[in-house]
Amino acid sequence: MNIILFLIVGLIAGFLAGKVVEGHGMGLVVDLVVGVIGAFIGGFLFSALGISVGLGLIGSVIVAFIGAVILLFLLRLVTRGRAGSRRSY
């Protein structure tokens, strides 16, 4: 049951992060992957900083959402850097 809740939290967080950063959702699978990776990133950062959002589903979604936004922001920086460095002659 815990893995199902973890996947639901990841899906919600990924969808919301996609809406905030990209302006739209990115599809079920990508939203899920972004949310799950974001949950790990957010959990690591909040733990390292000693911040506690609280237990429960809403606290988990908040942490995963913040991690997913950070992930999408970093991916956007990396992909823009690559695209910007190419010159067409």
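The model is predicted, so local features need pLDDT of at least 70 and side-chain atom pairs count only at pLDDT 80 or more, while totals for chains, interfaces and linings use all residues. Residues are numbered from 1 along each chain as its sequence is written, and side-chain values use heavy atoms, with hydrogens and water left out.

**The surface patch**

Let's start on the outside. A nonpolar surface patch includes Ile3, Phe6, Phe40 and Leu57, and its members together have about 970 Å² of accessible area. Such areas come from the Shrake-Rupley method with a 1.4 Å probe, and for residues only the protein chains shown count as cover. Patch residues have over 30% relative accessible area and no salt bridge; nonpolar side chains (Val, Leu, Ile, Met, Phe, Trp, Tyr) are joined within 5 Å, and like charges within 9 Å. Helix 1 (residues 2-21) gives the largest share of the patch, nine residues. Helices here are DSSP runs (H or I, at least four residues), numbered from the N terminus.

Buried means under 20% relative accessible area, exposed over 50%, and partly exposed in between (1.4 Å probe, protein chains only). Two residues show how this works:

| Residue | Relative accessible area | Class |
|---|---|---|
| Ile3 | 60% | exposed |
| Ile41 | 25% | partly exposed |

**The cores**

Now to the inside. A nonpolar core is a set of buried Ala, Val, Leu, Ile, Met, Phe, Trp, Tyr and Cys residues joined through side-chain atoms within 4.5 Å. The largest one has six residues: Ala17, Val21, Val34, Ala68, Leu71 and Leu72. Helix 1 and helix 3 (57-85) each give two or more residues to this core, and helix 3 provides the largest share, three residues. A second, separate core has five residues, among them Val9, Ala13, Val61 and Ala64.

Leu71 is worth a look: leaving out residues up to four places away in sequence, Leu71 touches Val34, Ile37, Gly38 and Ile41 (heavy atoms within 4.5 Å). Ile41 lies in helix 2. Ile41 and Leu71 are 30 residues apart in sequence, with their C-alpha atoms 7.8 Å apart.

Asp31 sits in helix 2 (residues 28-49). Beyond neighbours within four places in sequence, Asp31 contacts Gly10, Leu11, Gly14, Phe15, Gly25 and Met26.

Conventions:
A salt bridge is a side-chain nitrogen of Lys or Arg within 4 Å of a carboxyl oxygen of Asp or Glu.
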